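This briefing goes through one structure by topic. Please look over the sequence and the model before reading on.

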Amino acid sequence: MQVLKFGGSSVANSENIEKVAKVIEQKAKEDRTVVVISALAGITDILLDCGNLASEGNDEYKDKLKAAELRHIEVAKNLMPVVHQSRSISNIKQQFNELEDICKGVALLRELSTATKDRLAGFGELLSSQIVAERLIALNIDAAWKDSRELITTDSNFTFATVDFDTTNEEIKNYFLNNHQQITIVPGFIAASNNGKSTTLGRGGSDYTAAIIAAATDANKVEIWTDVTGMMTADPRLVAAAKNIKRISYQEAMELSHFGAKVIYPPTILPVMRKGIPAWIKNTFEPEADGTLIENVSSKDNENIIRGISSVNHVVLLNLEGTGMVGIPGFSKRLFEALASQKVNVILITQASSEHSICVGIESKNITIAKNAIDEAFSYEMAIGILEPLIIEHDLSIVALVGDNMKNHPGISGKMFGALGRNGINVRAIAQGSSEKNISTVISRNDVTKAINVLHEEFFETTYKRIHLFIVGVGNVGSRLLGQIEQQLGYLEEHLQLQIRVAGIANSKKMLFNDEGVNLSDWQSTLQASGETMDMNGFIKTIQSKNLRNAVFADVTANSDIATTYDSLLQKSVAVVACNKIACSSSFDYYKKLKQLSKEFNAPFHFETNVGAGLPVIGTLNDLLRSGDSINKIEAVLSGTLNFVFNNYDGTKPFAEVVRQAQNEGYTEPDPRLDLSGMDVMRKIMILARESGEKLEMEDISNNSFMPESCMQGSVENFYEEMKKHETHFKKLYEAANNAGNKLKFVASFNEGKASVGLQQIPPQHDLYHLYGKDNVVLFYTSRYVQQPLVIKGAGAGADVTASGLFADILRAGR
Ligand code: ADP
Ligand code: ASP
Ligand code: MG
């Protein structure tokens with residue numbers, strides 16, 4: 001004997017039922033077959049909804065029933081040869097008349113009992129299984145329909161009845177001994193109480209029907225046919241990269257299903273496990289695919305430590321605290337008895353070893369009865385103050401890692417909490433069963449999708465880790481960055497198992513979001529055509545509310561408003577990468593706050609490109625300090641613009657023109673006065689000083705500016721005009737240096753806690769002398785580099801090198 005069960009989506013419509021009939025026909029050639037059928041997709045909910053509407057006196061149930069009836073008739077018509085149609089249709093009509101009568105009764109009484117709920121809900125399976133049976137019989141297949149209420153006996157715990165296995169096994173055995181059709185079709189989900197009333201086995205219970213029949217008949221196997229190709233490492237609706245599990249142990253399947261893997265109804269496993277009957281999960285829409293085999297896999301066979309990840313929503317935590325429970329035996333017993341007496345199922349329990357508090361997770365629908373039961377059971381202790389009033393935390397979910405083999409591998413929970421922590425997912429409670437087949441964490445419901453994906457990336461290493469990148473500023477540097485990312489996507493996937501999804505981009509006018517990634521080959525036109533109007537607040541809010549994992553925000557602007565948003569992002573564990581210098585060079589307090597938040601919320605904050613564009617200046621400084629070195633002195637040429645200007649100015653072309661050229665070639669800040677005034681260099685040396693541990697503000701830095709005052713007043717155009725007027729001033733500076741055999745360099749230094757910037761004449765033997773084009777150089781004199789400094793030198797401006805520095809920061813932030 002074999003038992004095949006077909007779920008709701010497999011019998012959603014006539015087209016799918018055709019597929020089911022083919023599978024049955026094929027399979028039944030191998031062995032005698034019992035076929036368990038669920039209701040057409042969604043029908044159980046509709047029937048229960050009709051009951052609820054009727055109980056509220058709402059007539060809408062009539063239309064809903066009518067629509068459901070038509071749907072069944074349509075299916076029957078499509079499947080049955082004309083000669084069989086009228087019988088099938090009149091049967092459907094008759095059952096819908098009965099349904100309507102029940103609903104009328106409910107409407108009159110304004111009351112929907114659980115017994116009536118079960119009667120209503122059971123019609124779905126009755127109808128669908130009869131249609132399938134009629135279809136097979138019409139094909140001249142040796143098949144019969146049998147009402148499973150005559151096979152499975154339960155108690156009267158309606159909606160969630162418990163099977164009386166003695167009676168049930170007896171009935172099933174007898175039936176199959178005395179009836180010899182090749183195929184027997186039965187409705188799933190429904191059963192009957194010992195006084196003959198319709199009951200159901202709990203939502204999703206058709207799987208259980210199959211297992212009960214398989215165990216009673218000692219079947220060779222059970223196959224659960226559904227709409228996915230087996231049990232997967234996570235719910236495929238939540239994790240796009242979920243993979244098929246080829247083999248899984250009964251225990252693991254049970255844990256996964258208990259913790260939310262809806263693909264199999266949890267009680268299903270036990271009857272087949274007891275009998276060692278292999279269970280398969282198969283896909284009706286891909287019948288050749290292997291699917292998943294659930295069997296007695298010994299731990300050694302498992303190649304993966306973690307088998308799967310699942311989640312349960314609608315959880316609340318009840319926290320009972322107080323001195324009254326310390327060292328008192330039987331305390332927890334009273335708590336669990338109070339809950340059990342009200343049939344409240346406890347999903348998870350944790351207790352600190354101090355025994356000062358105990359915490360249980362339950363389904364949120366039970367919250368009122370659970371609270372009342374606990375308040376009543378401990379009313380005395382609460383009244384005299386040795387127990388605090390019950391604390392209830394709402395809107396939670398449980399995410400569980402499941403695997404038989406976890407107990408043999410230390411460090412799994414560390415890895416789990418590390419990954420969650422890096423993504424700012426706050427863990428409210430933890431439980432690990434003593435069998436160590438499962439580690440469960442309670443988290444906010446809003447974080448579930450993110451958490452499952454984060455854990456999936458962490459534990460199924462062949463899947464890709466995905467960075468969700470949000471970029472604001474897609475001008476010169478930003479567009480180069482997008483170009484570089486596009487070019488590297490393939491390499492990163494192949495070599496680093498890393499996917500970058502540009503989930504949002506914005507310029508000053510428009511913004512565009514796409515969780516699956518903006519197409520980088522034509523982002524300009526997409527942003528232009530389908531972007532919304534840019535609104536910085538809206539952009540930040542959207543990043544926060546999307547709550548995507550491994551989120552990185554890249555600020556590729558020079559905008560001061562944007563610099564004020566970093567704190568709110570870091571607090572949501574969104575990493576921040578900035579080439580915008582304003583945040584790090586604003587008040588020391590804000591800089592410090594950002595560093596602090598980055599630590600507290602495990603959100604990287606990188607700004608390597610603030611100094612020396614793509615040169616590894618800040619990273620090197622950090623490495624020196626981390627490894628125990630200390631900074632004695634920094635000397636640097638930090639302005640690509642100024643270096644370009646002084647390298648190209650020799651009095652033959654006006655100074656203003658050389659500055660204009662630097663701006664045209666994209667080396668200057670959007671406002672070139674920031675470079676020429678030395679302001680930009682002040683910011684950079686201040687950032688280096690701060691990174692070295694010095695508490696410095698802009699006003700602490702002396703600036704020996706070479707620019708005539710009048711150039712710096714008024715507009716950018718005025719600035720160029722004024723520079724022209726002062727050409728002799730610039731020429732004098734140049735000639736004085738040139739006559740002495742020196743070069744002009746705008747030098748920044750940090751020495752003994754003091755920072756200064758200014759124009760200097762540099763003699764040929766000096767380390768700063770040989771510096772060409774728009775290069776920057778930084779000399780670090782440290783405890784270890786005493787005589788000869790550590791030198792970092794190279795192009796210190798330009799869109800491509802800045803973009804590559806940003807790119808490296810993004811990769812660092814996302815790893
Ligand atoms: P049926 O109607 O066939 O009984 P269900 O909807 O009850 O089907 O169960 C199948 C669904 O379970 C799949 O469509 C999938 O979305 C969901 N699911 C949740 N977790 C998992 C998982 N770990 N593996 C496979 N499917 C899962
Ligand atoms: N149709 C029932 C339900 O929706 C049983 C099942 O699908 O297995 O709960
Ligand atoms: Mg199901």
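Predicted model: local features only at pLDDT ≥ 70, side-chain atom pairs only at ≥ 80, totals over all residues.

How far is an oxygen atom of ligand 2 from a polar backbone atom of Ser206? The distance is 3.0 Å.

**Ligand 2**

- Ser38, Thr44, Glu125, Phe189, Arg203, Gly204, Gly205 and Ser206 are the residues around ligand 2.
- Polar backbone atoms of Gly204 and Gly205 also face the ligand: a ligand oxygen atom lies 2.7 Å from that of Gly204, and a ligand oxygen atom lies 3.5 Å from that of Gly205.

**Three-stranded sheet**

- An open sheet of three strands has the order S4-S6-S7, with mixed pairing.
- Its edges are strand S4 (153-154) and strand S7 (198-200), each of which pairs on one side only.
- Strand S6 (residues 190-193) and S7 run antiparallel and are joined by three bridges; Ile190 stands opposite Thr200 of S7.
- Helix H5 (residues 114-138) packs on this sheet, where it touches S6 and S7. The direction of H5 makes about 80° with that of S7.

**Six-stranded sheet**

- A further open sheet has six strands in the order S26-S28-S27-S25-S29-S30, and its pairing is mixed.
- Strand S26 (702-704) and strand S30 (790-795) each have a single partner strand, so one side of each is left without a neighbour in the sheet.
- From one strand to the next, the twist averages 15°.
- Strand S25 (residues 631-637) pairs with strand S29 (residues 775-782) in the antiparallel sense, over six bridges. Val637 has Val777 in S29 as its bridge partner.
- Helix H22 (residues 617-626) lies across S25, S29 and S30 and runs at about 10° to S29.

**Nonpolar cores**

- In soluble globular proteins, nonpolar side chains tend to be buried together.
- The largest nonpolar core here holds 85 residues, of which Phe539, Phe553, Tyr566, Phe655, Phe706, Met723 and Phe780 touch the most other members.
- Helix H26 (residues 679-691) gives the most to this core, contributing seven residues.
- Phe655, one of the core residues named above, contacts Val645, Phe646, Tyr649, Leu676, Phe706, Met723, Glu727 and Phe730, leaving aside neighbours within four places in sequence.
- Another core, of 47 residues, lies apart from the largest one; Leu4, Val35, Cys103 and Val106 are among its members.

**Leu401**

- Leu401 is placed in strand S15 (residues 391-402).
- Leu401 counts as buried because its relative accessibility is 0%, where the cut-off for buried is under 20%.
- Not counting residues up to four places away in sequence, Leu401 touches Ile306, Gly308, Ile309, Met406, Ile412, Met416, Lys437, Asn438, Ile439, Leu455 and Phe459.
- Asp680 is 279 residues from Leu401 along the chain, and the C-alpha atoms of the two are separated by 50 Å.

**Ser598**

- Helix H21 (residues 588-600) contains Ser598.
- Is Ser598 buried or exposed? Ser598 is buried, because its relative accessible area of 15% falls under the 20% cut-off.
- Its contacts, leaving aside neighbours within four places in sequence, are with Leu570, Ala603, Pro604 and Phe605.

Notes
Residues numbered from 1 in each chain as written. Chains lettered and ligands numbered in written order. Heavy atoms only, no water. Core = buried A, V, L, I, M, F, W, Y, C linked by side-chain atoms within 4.5 Å. Buried < 20%, exposed > 50% of the residue type's maximum accessible area, 1.4 Å probe, protein only. Helix = DSSP H or I, 4+ residues; strand = E, 2+ residues; numbered from the N terminus. Contact = heavy atoms within 4.5 Å. Pairing = 2+ DSSP bridges. Axes fitted to C-alpha atoms, helices over the stretch in contact; angles between N-to-C directions. Near = heavy atom within 4 Å. Polar contact = N/O pair within 3.5 Å; in protein donor to acceptor, adjacent residues only side chain to side chain.
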